[in-house]
Amino acid sequence: MGPRTTTDRRPRSAASRSRSGWAPAAALLLALTTTCAGCAPGDGIAAALPGAAGVGDRLFPTLGNGGYDVTHYGLTLDYTPEGNHLKGTAVITARATQNLSRFDLDLSGLRVRTATVQGARAHVARSGNELVVTPAKSVKEGEVFETVIAYDGTPRAVEGDDGGLEGWIETDDGSAALGEPTGSMTWFPGNHHPSDKAMYDIRVTVPRDADGDFYDVVSNGELIAERDKGGTVTRHWRTAEPMSSYLAHVSVGYFDVHNGWTRDHLPVYVAVDPDESEDAAAVPRLVPEIVDWAAELFGPYPFSSTGAVVDHLPGLDYALETQTKPYFAEAPDESLLVHELGHQWFGNSVTPRRWKDMWLSEGMATYAEWLWEEQRGGRSTDEIFQAFYDGTDDEAEGIWAFPPADPPSGGRVSDPPVYGRGAMVLDQVRKAVGDEDFFRILHTWTRRHRHGNADTGQFLTLCESESGKDLTGIFDAWLFAKGKPPRARGA
Ligand code: TRP
Ligand code: ZN
C-alpha cells in the first residue's frame, strides 16, 4: 500500500527511471506514439509500457518492481514438512502507477503453474528472480487489479551476501520463513522491496504428522480462523496493518503457546518450541513488559498484537524482527528481545525507504538495548558509548568499516557499522539536544511515519527542526564520514 503522509510520497517512477536509464527514450516514445494496446489513437492516453524490474535501490537493483503498488497479499499455502513441499496460491491486489503492458514480480525457485490478471489468463516468463507477467489486456494507470499466481515446488533457503541463511528454512520439526533482505521471494511472488507495504492474509494448511498430531502454524498478525478437516488443519493469520515483505513470516512446527496481554490491553502471543521451553521461561513475561516500556519511550505500539516465536534452529546466528512476532532461533536474552521488539517501531512501522536507510532501524533497535540496560541498573548509555568507541564492547568489532548511512554494497546492510555506529549517532544526537528534545523527536518520528517509509534525510531534518540546533557536524562525523571520528563531544 502507499505511504500515508505527504512527506512519505516518493516518485517511484522517477526512481525506476534513474535506475534503468530507459526513461528519456520512453518519454520520447510516448510523445511520438499515437496508438497503444488498449487505447484509441489520439485519445491522449499514455502507451502501456513494461513496469521496471526493480524499484531503483542502489544496494539491491533488482529488488521490488516498478509500475504498481501492492495493497494486499492473500497467500494460501499448503505445506508438507516431510519432503518440504509447498503448494501456494498468491492473490495479489495492486494499483497500477503507470499504464502497464506487463510487469514483474520477484520469485526465486518454485514452479509457476498458472497466472491470471483480472481473471484472464496471463503469460508468464522467468528470468533470474524476475517473474514477468504479461496480462491479456494492459492495465491502466490508477486501476486496482488482481493477479493470481498458482505455484508449487520445494522452497529453498538461500545464503545471502551477508552470510546469513534466509528464505524458507527447514527446521527439525517443520520450517521457518525469514525474509531479510531477499528471502521472501523463496516462498511467494511479490513486490519484494521494503518501500511497498501491504496487508496480508496468510492461510497455511498442514497435515497430521506420523503420530497423528497436527503441526502448528504461526505467522504475523492475529489468528482469525482455524479449520480442522480431519487429515489437515488450516490456520488463517491476518496482518491488518501495512507490512514490508521482508517482515512476513511463517513458522511450522510444534509450539507451546502462551497467550497474554500488555498493560495497554494488547494481545500477546508467544510461541515456544518445546526444546527451548526451559531457557525461554521468562519470554512470555518479558514480551509485554518490554512492549509497555518501549511504548513510553517511543510512542504507542503500532500494531494490533505482539508476541514472539522462539524456535529451535541451532546454527542460525541471528534473530529477525518479523512483524508483531519477532523470530528467535533459540531462547533470546533480554537485550535481544528488546532489540527485536524495538524494531516494531523502528523498522516495521517506520520502515527504511531504501536499504541504505537501514541504520535508522538497526541503530534505533540497538539504542533501545542501551536504554534498557541503562534503565535496568546496567551500564549507562555513556559507558556503553565509550565501550563501543574504545572497542572494549564485544559488539564494537568492525563498527568503523564504513559510514552507517552509506553501506558499500547490498550484502553489508547487516554489518556492525549499521548497528553499533548507528546507535552511537543517536547517542550523539541525544547528548547534543538533551533528553527532552531527543525523546520528543522519537515520538514525532514514529507518529509522523507510522506504517510508512522514511529516509535518512527526513530524520536529520526532524532532529534539527525539533531541537532548533545545527547538527551537521554530528551527522557528518558519525553518519557520513569514513573511518573512526575523533573523540566525541561529551565523551
Ligand atoms: N535484522 C536482524 C536483526 O537486527 C538481523 C539480521 C537479519 C541479520 N538478517 C541477517 C544479521 C543476516 C546478519 C545476517 O535482528
Ligand atoms: Zn536489528
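These legends walk through a few close-up views of a predicted model. Local features need pLDDT of at least 70 and side-chain atom pairs count only at pLDDT 80 or more, while totals for chains, interfaces and linings use all residues. Residues are numbered from 1 along each chain as its sequence is written, chains are lettered from A and ligands numbered from 1 in the order in which they are written, and side-chain values use heavy atoms, with hydrogens and water left out.

**View 1. The zinc ion (ligand 2) and its protein donors.**
His339 (NE2), His343 (NE2) and Glu362 (OE) sit 1.9 to 2.0 Å from the metal. Donors here are N, O and S atoms within 2.8 Å of the metal (3.2 Å for Na, K and Ca), and since water is not among the atoms, sites may look incomplete. The four donor atoms make angles of 97 to 130 degrees, and the site comes out tetrahedral (four donors with all angles between 85 and 135 degrees). Along the sequence, the donor residues follow the spacing H-x3-H-x18-E. His339 belongs to helix α4 (residues 334–342) and Glu362 to helix α5 (residues 359–375), so to speak a link between distant parts of the chain, 23 residues apart. Helices (H or I, at least four residues) and strands (E, at least two) are DSSP runs, numbered from the N terminus.

**View 2**

**View 3. An open four-stranded sheet.**
The strand order is β18-β19-β20-β21, and the pairing is mixed. At the edges are β18 (256–261) and β21 (327–328), each pairing on one side only. Strands pair if DSSP finds at least two bridges between them. Strand β20 (residues 306–310) runs parallel to β21, joined by two bridges, and Val309 faces Tyr327 of β21.

**View 4. Helix α3 (residues 283–298) across the sheet.**
The helix lies over β18, β19 (267–272) and β20, at about 140 degrees to β20. For that angle, axes are lines fitted to C-alpha atoms, for helices over the stretch in contact, and angles run from 0 to 180 degrees between N-to-C directions; contact means heavy atoms within 4.5 Å. Twelve of the 16 residues of α3 are buried, so the rest of the structure largely encloses it. Among them are Leu286, Ile290, Trp293 and Phe298. The buried residues of α3 pack against β18, β19, β20, α4, α5 and α8 (435–448). After the helix comes Gly299, with a positive phi near 110 degrees.

**View 5. Strand β9 (residues 144–153) and two partners.**
Seven of the ten residues of β9 are buried, so this strand too is largely enclosed by the rest of the structure. Strand β3 (residues 85–96) runs antiparallel to β9 over ten bridges, with Val91 partnered to Val148. Strand β5 (residues 111–117) is also antiparallel to β9, through six bridges, and there Thr114 is partnered to Ala150.

**View 6. The hairpin of β7 and β8.**
Five bridges hold β7 (residues 123–127) and β8 (residues 130–134) in an antiparallel pair, and His123 has Thr134 of β8 as its bridge partner. Two residues lie between the strands, and Gly128 takes a positive phi near 60 degrees.

How values were computed. Four donors count as tetrahedral if all angles lie between 85 and 135 degrees; four count as square planar and six as octahedral if opposite donors are over 155 degrees apart and all others between 65 and 115; anything else is irregular. Buried means under 20% relative accessible area, exposed over 50%, partly exposed in between (1.4 Å probe, protein chains only).
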